[in-house]
Amino acid sequence: MSELEERLLDLLEKRTFDGLTPAEERELSELNATDDVSLDLTAAAISLAQLEKVEPMPVHLRSRIESAADEHFTQKVSQSGSVRTVRESNTGWWNWFGWALAGAACIALAANIYLTRVNPPLAAGPGPTPTPAPVQITPEQQRAQLLASASDIAKANISAGKESYVPSGDIVWSDAKQAGYMRFHGLPANDPSKATYQLWIFDQTQDKATPIDGGTFDVDANGDVVVPINPRLHATEPEMFAVTMEKPGGVVVSKREKIAVLAKVETQKS
Amino acid sequence: MADSILKRIALGNRDAVSDCLDTYGGLVWSIARKMLRSQNDAEDAVQEIFIDIWKNAERFDENQSSETTFIAMIARRRIIDRIRKSNRRISADSFEDVLSEPESRGDRKIEISVEAGEAAEALRTLKPEQQQVLQLSIVQGLSHQEIADVTGMPLGTVKTHARRGILQAREMLGITGIGKEASI
């Protein structure tokens with residue numbers, strides 16, 4: 001392999017594993033090798049091969065992305081200088097929409113007349129099924145859904161850690177669904193730029209010195225929060241949960257200097 | 001045959017975005033949650049990823065990969081970029097939790113794309129050290145230096161395992177690119 005190819009491979013490999021600095025991006029571009037995505041695709045396939053479950057995207061996030069899409073596509077059209085086309089297109093669409101609306105109104109009127117004539121208003125039975133509007137499911141509702149759908153719920157009541165405050169609440173967890181929720185009351189608000197709360201799961205598979213990282217979360221001034229648990233590793237029959245205060249972004253291993261919450265599993269459905 | 005979702009997006013079809021979110025929203029979200037610890041970070045990352053997907057849709061080449069793998073590639077790039085910019089570093093001196101993920105968990109893996117199944121097969125053919133380095137790097141998002149710290153391997157050895165492992169996996173997946181001869 002030539003020196004140039006060696007350098008190219010270095011850059012492509014670094015892009016795949018660690019990402020490139022702006023200077024390295026420029027270098028790769030100057031070498032006309034930006035389009036070689038073979039290592040990135042390989043890494044992507046490996047990451048897919050290691051994915052254990054696909055969770056649904058939160059509804060509120062989808063709404064955010066849909067809004068961003070509207071903005072993005074509008075800008076794209078404006079930037080491409082095809083505003084006129086779009087206007088024409090929109091005009092056509094509005095014309096079509098107007099006719100469609102008029103048609104729909106006629107059909108609705110006819111249907112209404114028919115239903116009113118055939119059935120008494122209160123005995124009309126179910127009408128056409130309305131298209132459900134997207135509903136934002138809160139973590140509280142997600143928690144309720146988990147409790148309703150999982151048959152292996154482990155539950156742990158919150159007890160105080162080693163700090164001065166005394167929070168309350170509970171943690172529920174399903175091994176089968178690899179999902180759970182923490183519900184807290186009375187946890188002090190944290191400043192996310194300085195510190196974050198981080199959950200640790202003590203389960204059957206891990207050494208007690210190295211519990212599973214259950215993800216980070218923040219608490220606002222309200223102090224009441226329901227947080228989904230997202231373990232980095234597969235958790236099996238958790239025995240205890242702990243919440244520590246860590247630096248922003250969380251840590252791989254906690255020094256356990258600030259333990260905010262402890263929760264020992266008390267019940268586990270079989 | 002109907003155009004792929006990415007082709008429709010590349011043509012400026014706004015409706016294809018909803019199809020894209022229906023089809024790949026959960027996948028991208030799951031990748032982000034796996035690699036980023038904070039839910040807020042993951043949400044921001046996923047939004048950025050989908051914008052990247054729209055911007056790069058025209059680059060998708062169905063002869064080179066499936067849509068799923070292409071989208072996972074864009075997701076990984078964006079997440080790695082965020083991790084790099086956040087200067088996230090391992091701060092403690094014990095790493096057993098990172099290393100304790102069982103190596104063989106094939107029974108719990110889900111089949112997402114053809115390439116994912118082939119990649120799982122390819123991983124199994126690699127040397128255990130190569131598998132370990134690739135898993136820590138690609139799945140856990142650790143840098144080569146972090147892997148060296150975690151495993152106790154010299155940094156140069158980590159780099160060698162990473163390079164040989166990924167080149168060998170690429171060859172087994174039939175993806176062409178520079179440096180093929182270095183894979184042996």
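**Exercise 1.** Is B:Gln47 buried, exposed or partly exposed?

Solution. The model is a predicted one, in which local features need pLDDT of at least 70 and side-chain atom pairs count only at pLDDT 80 or more, while totals for chains, interfaces and linings use all residues. Residues are numbered from 1 along each chain as its sequence is written, and chains are lettered from A and ligands numbered from 1 in the order in which they are written.

Step 1. A residue is buried if 20 or more other C-beta atoms lie within 10 Å of its own, exposed if 12 or fewer, and partly exposed in between, with C-beta atoms placed from the backbone.
Step 2. B:Gln47 has 19 other C-beta atoms within 10 Å and is therefore partly exposed.
Step 3. B:Gln47 is placed in helix H3 of chain B; helices (H or I, at least four residues) and strands (E, at least two) are DSSP runs, numbered from the N terminus.
Step 4. Leaving aside residues up to four places away in sequence, B:Gln47 touches A:Arg64, A:Ile65 and A:Ala68; contact requires C-beta atoms, placed from the backbone, within 7 Å.
Step 5. From B:Gln47 to B:Trp29 the separation is 18 residues in sequence and 9.5 Å in space, C-alpha to C-alpha.

**Exercise 2.** Describe the side of chain B that touches chain A.

Solution. 
Step 1. In this interface, 62 residues of chain A are in contact with 75 residues of chain B.
Step 2. Helices of chain B that each supply at least two residues include H2, H3 (39-56), H4 (67-85) and H9 (155-173).
Step 3. H2(B) gives the largest share, 10 residues.
Step 4. By class, this side of chain B has 32 nonpolar, 23 polar and 20 charged residues. Here Ala, Val, Leu, Ile, Met, Phe, Trp, Tyr, Cys and Pro count as nonpolar, Asp, Glu, Lys and Arg as charged, and the others, Gly among them, as polar.

**Exercise 3.** Which residues have the most contacts inside the largest nonpolar core?

Solution. 
Step 1. A nonpolar core is a set of buried Ala, Val, Leu, Ile, Met, Phe, Trp, Tyr and Cys residues joined through C-beta atoms within 7 Å.
Step 2. The largest such core has 69 residues, and those with the most contacts inside it are A:Ala45, A:Ile46, B:Val28, B:Ala32, B:Val46, B:Ala75 and B:Ala119.
Step 3. Helix H2 (residues 15-35) of chain B gives the most to this core, namely 11 residues.
Step 4. Another core, of 29 residues, lies apart from it and has A:Ile171, A:Leu233, A:Ala242 and A:Ala260 among its members.

**Exercise 4.** How do the axes of H7(B) and H9(B) cross?

Solution. 
Step 1. Axes are lines fitted to C-alpha atoms, for helices over the stretch in contact, and angles run from 0 to 180 degrees between N-to-C directions.
Step 2. The two axes come within 8 Å, crossing at roughly 90 degrees.
Step 3. Angles under 35 degrees count as roughly parallel, over 145 as roughly antiparallel, 65 to 115 as roughly perpendicular and the rest as oblique. H7(B) and H9(B) are therefore roughly perpendicular to each other.
Step 4. Residues making the contact include B:Val133 and B:Leu134 of H7(B) and B:Ala162 and B:Ile166 of H9(B).
Step 5. Just after H9(B), B:Gly174 has a positive phi of about 75 degrees.

Conventions:
Two residues are in contact if their C-beta atoms, placed from the backbone, lie within 7 Å.
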